[in-house]
Amino acid sequence: MSVRRHIGNPEYLTKRIPQNPKYRHVKSRLDTGNSMTKYIEKLEEIKKNYRYKKDELFKRLKVTTFAQLVIQVASLSDQTLEVTAEEIQRLEGTRDFDVSIYS
C-alpha cells in the first residue's frame, strides 16, 4: 500500500504543444494575469520605445532630422516671402507712392 500509482504519464504535463504557423499571430483574449511571456513582450516594447513617454504627443526626433526639417521649412518660407515681396512690388508699382519694405 505504500507504493503510489500515478494515473497517466507525468511527462504529459511537461510536453510542449506544437504550434501551427498559420495561427502564430493569434493572441489569447483571456487575461490570466502576469506571466513571463507578457513580461518579455513588455520589456521588448520598452526597449523599442525607450525614448518615449506615455504623455508625449509626438515621437522624439534626432538632432539631424530636426535640422533637416528646419532647413526645409526655412526654404519654403523663403519662397513664400519672395512671392509676397514680388506681389508687394507689383502692387506698389500700381500706386503713386514708393515704399520699400525689403531694403
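## Basis of the model

The structure is a predicted model in which local features need pLDDT of at least 70 and side-chain atom pairs count only at pLDDT 80 or more, while totals for chains, interfaces and linings use all residues. Residues are numbered from 1 along each chain as its sequence is written, and side-chain values use heavy atoms, with hydrogens and water left out.

## Overall fold and helix 1

The protein has two helices and zero strands (DSSP runs of H or I, at least four residues, and of E, at least two, numbered from the N terminus). Of its 103 residues, 2% are buried (under 20% relative accessible area with a 1.4 Å probe, protein chains only; exposed is over 50% and partly exposed is in between).

Helix 1 has 13 residues, of which zero are buried, so helix 1 lies largely in the open.

## The largest pocket

The residues lining the largest pocket are Gln 19, Arg 24, Val 26, Lys 27, Ser 28, Leu 30, Thr 32, Ser 35, Thr 37, Lys 38 and Glu 41. A pocket is an open set of points on a 1 Å grid over the protein atoms alone, where a 1.4 Å probe fits, with protein on both sides within 12 Å along at least five of seven lines; lining residues have an atom within 4 Å of a point.

## Asn 20

Asn 20 lies in the segment before helix 1 (36-48). This residue counts as partly exposed because its relative accessibility is 41%. The Asn 20 side chain reaches the backbone nitrogen of Lys 22 at 3.1 Å.

Definitions and conventions
Polar contact = N/O pair within 3.5 Å; in protein donor to acceptor, adjacent residues only side chain to side chain.
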